Amino acid sequence: MAKDFLKDAKDFYDVIVIGSGLAGLTSANILARNGHSVLLLEHHYQLGGMATWFKRQNGHIFDISLHGFPIGMIKSCRKYWTTEIADSIVQLKGIRFENPQFSLRTSFNREDFTRLLIEKFNISQETVTKFFDAARSMNFFDDQSKTTRQLFEEFFPGRDDVVRLLMEPITYANGSTLDDPAITYGIVFSNFMSKGVFTFEGGTDHLVKLMKAEMEKNGVDIRIRSLVEKIEISPDRKVTGVVVNGKRIGCRTVISNANLKTTIFQLAGEQHFDRKFIEDSQAVRLNNSSCQVYMALKPGLEFDDLGDLLFHSEHRGFDAEALCSRHISSRTFSFYYPRTRPGSDRYMIVSSTNAHYKDWGPLSEPEYEASKNDLIESTLQCLEQRYIPDIRAKLDHVEASTPRTFEHYTRHQQGASFGTKFEGLGVSRALPEQVNGLFHAGSVGIIMSGWLGAVNYGVIVANDADKLLTPPSMVTPPPALSPA
Ligand SMILES: Cc1cc2nc3c(=O)[nH]c(=O)nc-3n(C[C@H](O)[C@H](O)[C@H](O)COP(=O)(O)OP(=O)(O)OC[C@H]3O[C@@H](n4cnc5c(N)ncnc54)[C@H](O)[C@@H]3O)c2cc1C
């Protein structure tokens with residue numbers, strides 16, 4: 001008989017969280033800590049969503065999205081998770097760029113970028129200072145019509161090389177382009193520039209293990225292999241429960257960590273919302289997806305220090321659309337040394353490229369396999385020609401993932417890696433105004449994606465839900481919208 005993953009679940013909870021991405025996990029933990037009964041439902045057999053890992057023969061462990069995040073993650077983890085988690089966050093100092101326009105190594109913070117822009121790119125100190133100050137002062141309530149392209153034109157007209165330095169890493173980090181609102185760039189870029197790029201020592205599996213332990217301590221009822229099919233809403237637009245693995249469970253509030261569009265159109269159903277809200281939701285664009293190639297060296301073998309993150313490209317200039325092409329040379333290499341998982345002896349490489357679902361979704365199985373092999377082959381060629389000449393001889397395991405893989409495991413429409421474009425944030429925030437008790441917490445609006453954005457959005461939404469669940473006399477004021 002099939003195992004019942006909902007065995008002994010209660011009939012009713014204060015909060016049901018759909019999905020265990022970083023936003024869902026954070027919301028669940030905060031609300032349980034505040035004394036509410038919380039059920040966390042995850043369709044996959046593993047918690048973490050995109051913050052995930054997989055194991056292969058010979059003890060190899062590959063991290064999927066552990067390439068880097070801003071320092072703000074330390075503060076958020078200390079406040080909303082545990083000291084142990086916060087204390088495991090360490091800086092990555094070796095960030096490299098190799099492309100036809102420049103070759104450089106940087107610690108990726110304001111100080112070092114100021115030096116590079118002045119000494120290597122011949123930009124005046126005054127312009128650099130003004131640019132950093134302008135980016136730093138941007139916030140959610142600023143003019144949203146100005147694009148990142150216009151921002152760069154204002155400070156660095158005609159300087160495609162400078163735009164590449166400033167923009168390429170952010171495009172990899174959240175899929176944003178020059179046509180997205182400048183505030184999304186300003187907020188995310190400034191977060192990285194404040195102190196550089198950070199990682200979680202011990203690997204994603206260790207992080208999720210610690211988060212799971214903390215949630216259990218706080219009383220979250222965690223269920224894996226539990227697919228939510230429906231959010232139940234009463235005719236007077238109140239959340240009343242969910243249907244999961246064919247079973248109904250009642251609740252006062254639902255926080256959906258599933259994709260925003262899936263939440264509205266598939267799990268809830270458009271009949272429960274105002275016409276205008278549905279039109280706005282239909283207009284929300286999904287963000288792009290990703291491809292990755294995972295490579296593990298044979299146990300005991302190593303490569304020289306190649307830095308931690310390498311933005312490699314043979315493309316002549318910065319081109320966000322070309323970065324998503326199946327035939328692009330541009331890729332980010334994450335080099336993992338034994339220090340990633342102290343005690344391990346493994347050297348691993350993960351190559352990431354941005355990608356469009358439309359290039360992968362319609363392929364037949366033979367075409368799909370052939371395209372994955374092409375991706376692996378071109379990645380190995382790049383490595384052997386430029387960075388690790390004997391990579392093929394040293395390799396123990398290699399495989400690739402595509403937008404189809406991300407769609408399969410996280411159920412994000414079109415395998416969207418970073419949720420939605422900017423307009424998704426307004427729709428996500430307005431959801432509880434449409435249906436009492438229905439919230440969305442997950443990658444949206446560019447600024448609320450990535451590890452830090454997702455955790456912080458989980459905090460904001462948990463506070464909203466807490467306010468609804470807590471009698472007015474006990475409510476403390478929620479924090480202001482404070483993005484990634
Ligand atoms: C290849 C790649 C590399 C990345 N690299 C970085 C990086 O270096 N740094 C960084 O900061 N960010 C990175 N990101 C982005 C970052 O991982 C995500 O933005 C973040 O983890 C998303 O968290 P989330 O809370 O939005 O939820 P998600 O991770 O999207 O998780 C949603 C969860 O909901 C579950 N779910 C969906 N529908 C249902 C349902 N109906 N029932 C039950 N469960 C459901 C899914 O299974 C999933 O577990 C990367 C992403 C990708 C794809």
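Predicted model: local features only at pLDDT ≥ 70, side-chain atom pairs only at ≥ 80, totals over all residues.
The protein chain comprises 484 residues, of which 49% count as buried. For a chain of 484 residues, a compact globule would have a radius of gyration near 23 Å, and the 22 Å of the protein chain agrees with this; the radius is taken over C-alpha atoms, and the globule rule is 2.2 Å times the number of residues to the power 0.38. Along the principal axes, the C-alpha atoms fill a box of roughly 60 × 55 × 45 Å. The secondary structure consists of 17 helices and 18 strands, these being DSSP runs numbered from the N terminus (helices: H or I, at least four residues; strands: E, at least two). Of the contacts between residues at least 6 apart in sequence, 74% join residues at least 24 apart, a contact being defined by C-beta atoms, placed from the backbone, that lie within 7 Å.

The protein chain is divided into domain 1 (12-50 + 206-285 + 418-474), domain 2 (108-197) and domain 3 (289-355 + 361-401), with bounds that come from an automatic or database domain assignment. The C-alpha centres of domain 2 and domain 3 lie 27 Å apart. Between these two domains, 12 residues of domain 2 are in contact with nine residues of domain 3. Helix α7 (residues 160-174) contributes eight residues to the side of domain 2 that touches domain 3, the largest share. That side has six nonpolar, three polar and three charged residues; Ala, Val, Leu, Ile, Met, Phe, Trp, Tyr, Cys and Pro count as nonpolar, Asp, Glu, Lys and Arg as charged, and the others, Gly among them, as polar.

The ligand is surrounded by 39 residues, the closest being Gly 19, Gly 21, Gly 49, His 67 and Gly 450; a residue is assigned to this shell if its C-beta atom, placed from the backbone, lies within 6 Å of the molecule. By class, the shell has 15 nonpolar, 22 polar and two charged residues. At least three residues of the shell come from each of domain 1 and domain 3. At the level of secondary structure, α1 (22-33), β13 (289-297), α15 (403-410) and α17 (450-469) each supply at least two residues.

The largest nonpolar core has 133 residues, and those with the most contacts inside it are Val 15, Ile 16, Val 17, Ala 28, Val 38, Val 242 and Val 254. Such a core is a set of buried Ala, Val, Leu, Ile, Met, Phe, Trp, Tyr and Cys residues joined through C-beta atoms within 7 Å. Helix α17 provides the largest share of this core, 10 residues. Residues up to four places away in sequence not being counted, Val 254 touches Ile 16, Ile 18, Ile 231, Val 239, Val 242, Gly 437, Leu 438 and Phe 439.

Phe 108 is found in the loop between β7 (103-106) and α4 (110-119) and is buried, since 23 other C-beta atoms lie within 10 Å. Arg 225 lies in the loop between β9 (221-223) and β10 (228-233) and counts as partly exposed, with 16 C-beta neighbours inside 10 Å.

Helix α5 (residues 125-137) contains Lys 130 and also Ala 135. Ala 135 is buried, with 21 other C-beta atoms within 10 Å. Neighbours within four places in sequence aside, Ala 135 is in contact with Gly 186, Phe 189 and Ser 190. The C-alpha atoms of Lys 130 and Asp 304, 174 residues apart in sequence, are 38 Å apart in space.

Notes
Residues numbered from 1 in each chain as written. Buried ≥ 20, exposed ≤ 12 C-beta atoms within 10 Å, placed from the backbone.
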